[in-house]
Amino acid sequence: MVDFGTYPAAESKEHTFQLVNATQETVKIKKIRSTCGCLVGQVSASEILPGKALKIQTQVKANSVSGKFSKILYVETDLAGRRFIRLELKGTALPLVEITPAVPFYAGKLQAGQVYEFRFELEPSQSGVVLSATVDSGCRLKKSEGKWFAVCKLTPAGGTAIVEKEFRIDVVSPTGQPPLSIRIRGLLAD
């Protein structure tokens, strides 16, 4: 198990595990399985000779996890009684911007044709964050005391039981960051 501690979610984190073959037989590595697409692993060899070791390079991809996490990588072997070896990577990935209330946001029952406004607080985890929303995005942005506030408008249409809308907010600075996504879900009232 490796603990990366607290770090910016925009960084990728890497760790190399070393597996030592303490048996008298050659152990074959069949496959590496990850619990999510955010974690990748690669082995340095397809088998481990008795008394030898191999390295498993792991990486938690940048911007793939947010908050406290624990991800597992399983190494499948041909070793009787120890077919799977479990490798754990954990930490706390601080998102560039914390959105409150949390998204996706459940808005409850909504009336078709009625205009709703939902307010979200966008708190950057570092200074110098600049956000932008296009005029047609349905969100207005304001900045006050180091925080951003997004007011998102939603007008449900009739004809469907589930109301769902995603609002995109671009990260202007720092550059190269993925856009923020605010998703609002609800049910159309009878």
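Predicted model: local features only at pLDDT ≥ 70, side-chain atom pairs only at ≥ 80, totals over all residues.
An open sheet is built from four strands. Their order is E9-E11-E14-E13, and the pairing is antiparallel. Strand E9 (97-100) and strand E13 (139-144) form the edges. Each of these edge strands pairs on one side only. Neighbouring strands in the sheet are turned against each other by 25 degrees on average, direction ignored. Within this sheet, E9 pairs with strand E11, which covers residues 116-124. The two strands are joined over four bridges in the antiparallel sense. Ile99 has Leu122 of E11 as its bridge partner.

Strand E16 spans residues 180-188 and takes part in a parallel pairing with strand E10, residues 105-110. Four bridges link E10 and E16. Across this pairing, Tyr106 stands opposite Arg185 in E16. E16 also pairs with strand E15, which comprises residues 162-173. Here the strands run antiparallel, and eight bridges join them. Arg168 stands opposite Ser181 in E16. E15 and E16 together make a hairpin, with six residues between the two strands. Gly176 lies in the turn of this hairpin and has a positive phi of about 80 degrees.

Pockets were examined next. The largest pocket has a volume of about 490 Å³. Its lining consists of 19 residues. Ser66, Pro95, Val97, Ile99 and Leu180 are the lining residues that lie nearest the centre of the pocket. E9 and E16 are the elements that give two or more residues to this lining. By class, the lining holds twelve nonpolar, five polar and two charged residues.

The second largest pocket has a volume of about 170 Å³. Its lining includes Leu19, Val20, Asn21, Ala22, Thr23 and Val27. Ile48, Thr77, Leu79, Arg82 and Ile85 also line this pocket. Seven of the lining residues are nonpolar, three are polar and one is charged.

Asn21, one of the residues lining the second largest pocket, sits in the loop between strand E2 (13-20) and strand E3 (27-34). Asn21 counts as buried because its relative accessibility is 4%, and the limit for that class is under 20%.

Lys90 and Gly5 are 85 residues apart in sequence, yet 7.6 Å apart in space, C-alpha to C-alpha. Gly5 is also among the contacts of Lys90 when neighbours within four places in sequence are left aside. Met1, Val2, Asp3 and Phe4 contact Lys90 as well. Phe69 and Ser70 complete this set of contacts.

Note on methods:
Residues numbered from 1 in each chain as written. Heavy atoms only, no water. Pairing = 2+ DSSP bridges. Axes fitted to C-alpha atoms, helices over the stretch in contact; angles between N-to-C directions. 1 Å grid on protein atoms, 1.4 Å probe; cavity = no way out; pocket = protein on both sides within 12 Å on 5 of 7 lines; lining within 4 Å. Points joined across faces, edges and corners; volume = space filled by probe spheres on them. Nonpolar A, V, L, I, M, F, W, Y, C, P; charged D, E, K, R; others polar. Contact = heavy atoms within 4.5 Å. Buried < 20%, exposed > 50% of the residue type's maximum accessible area, 1.4 Å probe, protein only.
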